[in-house]
Amino acid sequence: RRKGQKKASPQLMRSVRIGILVSGGLVFVIGLILLILPMFRVGSVEVNGCSYTTAEEIITASGIKNGDELFAVDMQKVVGQVLEQCPYVDKVSVSVSFPSKVIITVEERKNVMYTEFDGAFYSLDAGYYVLEESQGETAFSPFLHITLPSIASCTVGSRIRFSDPDADLSYIATLLEELRGTTLPGELTRVDVSGRFSVFLVLDAKYRVKLGRVTEIPLKLQLC
């Protein structure tokens, strides 16, 4: 020690040692994490809540593949891709079940229907938002076939534009709500609401039930 040089205080030396130990420990932990994380890879993808859309379609849309690094899965991106590519999915959540499973839970749109326009068939939600187009109606067999008032245009990704933009269509929602809460003597095959005062149902693809206007629907359905 040079003459006049101050001796380091024990407290300072202790702090330096602790700092070195902490820094070394952090480096070790970070290195361990970087070593271990790649070992966690996707072994399986489980899909819950789907009925119209298949689990395979949702997995494909998610972009997740077996062998992907588990912690590299971008949950928000997966949600966005599923919503974009699966028109019948309304909500999506993604979670991880360690050590290797990704769980995608979906909630599908309710009250999906389909209608015919200009030689093609279109699936739509209760707000008349068009989801998909098909040249045959077999693809939409799980849904209710509804004949709507005169349509001016029908485009996937947009609401149906009716020929009469000022028409009061509230009677349609009223009828559909009543039908959902009623047990009918047969399978409801089709609903025709193209005429406000000449509404009718088709049961079991062969029985036509004329309701007329949408008034006293609970009584009419009870009589049916």
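This is a predicted model: local features need pLDDT of at least 70, side-chain atom pairs count only at pLDDT 80 or more; totals for chains, interfaces and linings use all residues.

Which residues of α3 are buried? I found V78, V79, Q81 and V82. Seen down the axis of α3, these buried residues fall within an arc of 165°, so they line one face of the helix. On the other side of α3, I noted Q76, K77 and E84 as exposed.

Next I checked what covers the buried residues of α3, and the cover includes α2 (55-62), β2 (89-97) and β3 (101-108). At the N-terminal end of α3 I saw a cap: a side-chain oxygen of D74 lies 3.2 Å from the backbone nitrogen of Q76.

Then I turned to the rings, where I counted seven aromatic pairs. One of them is Y52 with F143, an edge-to-face pair at 4.6 Å centre to centre, with 80° between the planes. Y52 sits in the loop between β1 (44-48) and α2, F143 in the loop between β6 (130-134) and β7 (144-147), and the two are 91 residues apart. Y52 is partly exposed at 32% relative accessibility, whereas F143 is buried at 8%.

I also looked up Y114 and F140, a tilted pair at 5.8 Å centre to centre and 40° between the planes. Y114 is in strand β4 and F140 in the loop between β6 and β7, so this pair ties together parts 26 residues apart in sequence. Both are buried: Y114 has a relative accessible area of 6% and F140 of 1%.

Ring pairs link Y52, Y88, Y114, F121, F140 and F143 into a cluster.

My last entry is R208, whose charged end sits over the ring of F200, 3.6 Å from its centre.

How values were computed:
Residues are numbered from 1 along each chain as its sequence is written. Side-chain values use heavy atoms; hydrogens and water are left out. Buried means under 20% relative accessible area, exposed over 50%, partly exposed in between (1.4 Å probe, protein chains only). Helices (H or I, at least four residues) and strands (E, at least two) are DSSP runs, numbered from the N terminus. The arc is that of the directions from the helix axis to the C-beta atoms. Contact means heavy atoms within 4.5 Å. A polar contact is a pair of N or O atoms within 3.5 Å; within protein, one must be able to donate a hydrogen and the other to accept it, and residues adjacent in sequence count only if both atoms are side-chain atoms. Rings of Phe, Tyr and Trp (its six-membered ring) pair if their centres lie within 6.5 Å; planes under 30 degrees apart count as stacked, over 60 as edge-to-face and the rest as tilted. A charge sits over a ring if NZ of Lys or CZ of Arg is within 6 Å of the ring centre and within 35 degrees of the ring normal.
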